[in-house]
Amino acid sequence: MALARITILISGRGSNMMVLIDAARAGAIQGAVTQVISNRPDAAGLDYARRHGIASAVVDHRAFASRALFEAALAETIDRSEPDLVVLAGFMRILGDAFVQRYEGRMLNIHPSLLPAYPGTDTHRRALDDRATRHGCTVHFVTADVDGGPIIAQAEVPVRPGDDPATLAARVLVEEHRLLPKVVGWFCEGRIAVEDGRARVVEA
């Protein structure tokens, strides 16, 4: 069975990207990370990709006069590697409808909350402000509805007395690193189905 080709989009250190690269190299998923793209030239994750011999590219959103022009350049760069799957791993840009539709059904995002709670940014502080007792992360398909696509899987952590956004984020990140490779593995095995706007995992 041919390995699924995976392109990862990042904006920073790319810790989830690193976990996916490591999982692919270890044979834990039936996929290969063939390209890493960042919208920021100073993203630390680019160095990790290069050290592992993975093609990397920068499409700096600040170099374009409009979001449409940026997304056209981003799509052109993504398509060079003919990916089966695009993973947003800490990619901090909202994507337009046309771009999302181009990769419909093959673009995943990991979000640091238990969606539908706390879409968008600053999720950990918002959970603490609400005195939430549980928090976590979600992997979902990307749709035009920001952080609103079909949910594939979630991982939960407790919110502990004395938590601040940093301690809570660190606890969630541990679960992100476990959840994302698992879901990407399911995708590469063809085990994720979407019916009536809901995602489900098919038994192996």
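Y118 lies in the loop between β5 and α5, where helices (H or I, at least four residues) and strands (E, at least two) are DSSP runs numbered from the N terminus. This is a predicted model, in which local features need pLDDT of at least 70 and side-chain atom pairs count only at pLDDT 80 or more, while totals for chains, interfaces and linings use all residues. Residues are numbered from 1 along each chain as its sequence is written, and side-chain values use heavy atoms, with hydrogens and water left out.

Although Y118 is not a glycine, its phi is positive, at about 60 degrees. Y118 is also buried, with a relative accessible area of 15%, where buried means under 20% relative accessible area, exposed means over 50% and partly exposed lies in between (1.4 Å probe, protein chains only). The loop between β5 (107-111) and α5 (123-129) also holds P116, and the peptide bond that leads from L115 to P116 is cis, with omega near 10 degrees. Most residues other than glycine have a negative phi, and most peptide bonds are trans.

A positive phi is likewise found at E82, which is not a glycine and has a value of about 45 degrees. E82 sits in the loop between α3 (67-79) and β4 (85-88), and its relative accessibility of 61% makes E82 exposed.

How many aromatic pairs does the model contain? Rings of Phe, Tyr and Trp (its six-membered ring) pair if their centres lie within 6.5 Å, and planes under 30 degrees apart count as stacked, over 60 as edge-to-face and the rest as tilted. By this rule there are two aromatic pairs. In one of them, the ring centres of F64 and F70 are 6.1 Å apart and the planes stand at 55 degrees, so the pair is tilted. F64 counts as partly exposed at 30% relative accessibility, whereas F70 is buried, with a relative accessible area of 3%. F99 and Y103 form a tilted pair as well, with 5.1 Å from centre to centre and 55 degrees between the planes, and both F99 and Y103 are buried.

For the chain as a whole, the secondary structure consists of six helices and nine strands. The radius of gyration, taken over C-alpha atoms, can be set against a globule rule of 2.2 Å times the number of residues to the power 0.38; for 204 residues a compact globule would have a value near 17 Å, and the 16 Å of the protein chain agrees with this. Along the principal axes, the C-alpha atoms fill a box of roughly 45 × 45 × 35 Å. Buried residues make up 50% of the 204 residues in the protein chain. Where contact means heavy atoms within 4.5 Å, residues 24 or more positions apart account for 60% of the contacts with a separation of 6 or more.
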